[in-house]
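Here are a few notes to read with the structure open beside you. Take the points in order and find each part as you go.

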Amino acid sequence: MEYNCSDIVLAQKEFFKTRRTQNSTYRRNSLKKLLKEIKKRENDICDALYADFKKPKFEAVLTETSIVIAELKLTIKKMRSWARPKRVLPALLNFPSKDRIHSEPYGTTLIISPWNYPYQLALAPLIGAVAAGNTVVLKPSELTPNTSKILAEIISEVFEENHVKVVQGGVAISQELLAERWDYIFFTGSVPVGKIIAKAAAPNLTPVTLELGGKNPCIVDLHSDFKLTAKRIVWGKFLNAGQTCIAPDYLIVQAQAKFDFIKALIEEIEAAYGENPQESPDYPRIVNEKNFNRLEALLAGENVLHGGIVDKDDLYMAPTVLDEPAFDSEVMKDEIFGPILPIQVYSTLEDISDIIAKYEKPLALYVFSNDKKFANRMIERHSFGGGAINDTVTHFVNHRLPFGGVGHSGMGAYHGRRSFDVFSHKKSITNKATWLDIPMRYAPYRGKLKVLKSFLKYF
Ligand code: NAD
């Protein structure tokens, strides 16, 4: 499909100027229409996700459609109160005044989304952008064309074209869009592309949210319930065949627990996907050949404890566990983003910190332990986007928890009310009364400093 990006942006800027997107009834009705449409198309969406990389319907509903529906319902219910100016206590120095914060839409926004949760990661930020009163151009991933097509159909059915539009395509179209002047850019994807986005935003000082990835550690303490721990790690790691930004990337297991824990891990993999996961209806495929080749290369020369079976024609890679790969090996260098789980071991707390410090700040960290003190220590000692104690991935679904990275795993956070806030400029207003005007602050200042200092003592 051919697009003229400049014309698209110009048309959206004109539409924004009409102030229709700022009308709360208009934006709320648009979101209500979206909710109706996505409920109607839920089966088509699940079929598209299956066609793209055999995402099981259960996972499609659990991790894609239900999340979008929940975000939409919450936003429709709350957006009027989120949009209302908020009264705050005034500063005594300004007496008498009334202070408030207005939420103002940025204007014309660009959302670029990835392929791994191609439906949810496109629509969740879009809901916030529309609720806050912006126009949106959404560029979904080219690697999941069936889902991107459905997204384009839903959006064109629900929104006026100059309000919200889907632009389909790959890197070239993404870069054409980035060359335009936006009022906000929201990007979800890899760290290297995140840097390209930040560079593209810099000349116009366009604010950005970057939802990126990283190498997420998962710590397993001797004092944990191995069976339950293994079950929860297997679920979080092999969900979506390991192609999840917040999946545990590698394990750090207490040395004494290693043997028993590996046994539990293998039992849970078999319990979830059977002896031959390729035959399991619940196990997805790698998204494309390029990613398959990258993942297959990571296995070379490694000590495979379980799995390791691949079928290129089917883009299949079995859930795979690796025994203590070297830290300078390919598999331990970057985010794995596939169904390979390396196990490292620790003896002291310093070992854990040393391992984690080898990498940039991760998007997630998980710790499994019945020792509350130990678990809390791990959470406090390390810097990461977000995470869980005695579970994996599930912090994502609570809309009250801001979701985002830190350092190389991203900047900014969204979900629930924060999705509205991320797409709103917060305009602070002091409304000064005129019935009283304290002369203190005005020049000439002679003789006033002493009075000011004694006054400031009370602050
Ligand atoms: P990606 O960075 O390759 O692509 C993301 C988007 O950017 C796509 O729409 C793509 O077309 C576009 N793009 C790719 N190269 C570009 C370039 N050179 N210039 C401009 N645009 C470009 O990421 P991906 O492979 O789709 O997704 C996997 C990555 O995303 C992983 O690193 C994962 O951790 C991360 N991720 C993060 C989150 C999060 O919420 N933090 C969620 C999902 C995925």
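**Notes on the predicted model**

1. Strand β3 (residues 108-112) runs parallel to strand β4 (residues 135-139), and five bridges join them.

2. Now zoom out to the whole sheet. Six strands make up an open sheet with mixed pairing, in the order β5-β4-β3-β6-β7-β17. At the edges sit β5 (164-166) and β17 (410-411), each of which pairs on one side only.

3. Which residues of α6 are buried? They are T147, S148, I150, L151, A152, I154, I155 and V158. The cover over these buried residues includes α2 (24-40), α3 (42-53), α5 (120-131) and β5.

4. The chain is also divided into domain 1 (5-212 + 409-426) and domain 2 (217-400). Each domain gives 22 residues to the contact. Taken over C-alpha atoms, the domain centres are 31 Å apart.

5. Finally, look at where the domains meet. Domain 1 and domain 2 bury about 1,900 Å² between them, with 58% of that on carbon and sulfur atoms. One salt bridge is found across this interface. In the model, K54 also forms a salt bridge with D314, where the closest N and O atoms are 3.5 Å apart.

Conventions. Residues numbered from 1 in each chain as written. Predicted model: local features only at pLDDT ≥ 70, side-chain atom pairs only at ≥ 80, totals over all residues. Heavy atoms only, no water. Pairing = 2+ DSSP bridges. Helix = DSSP H or I, 4+ residues; strand = E, 2+ residues; numbered from the N terminus. Buried < 20%, exposed > 50% of the residue type's maximum accessible area, 1.4 Å probe, protein only. Contact = heavy atoms within 4.5 Å. Domains from an automatic or database assignment. Buried area = accessible area lost by both parts, 1.4 Å probe. Salt bridge = Lys/Arg side-chain N within 4 Å of Asp/Glu carboxyl O.
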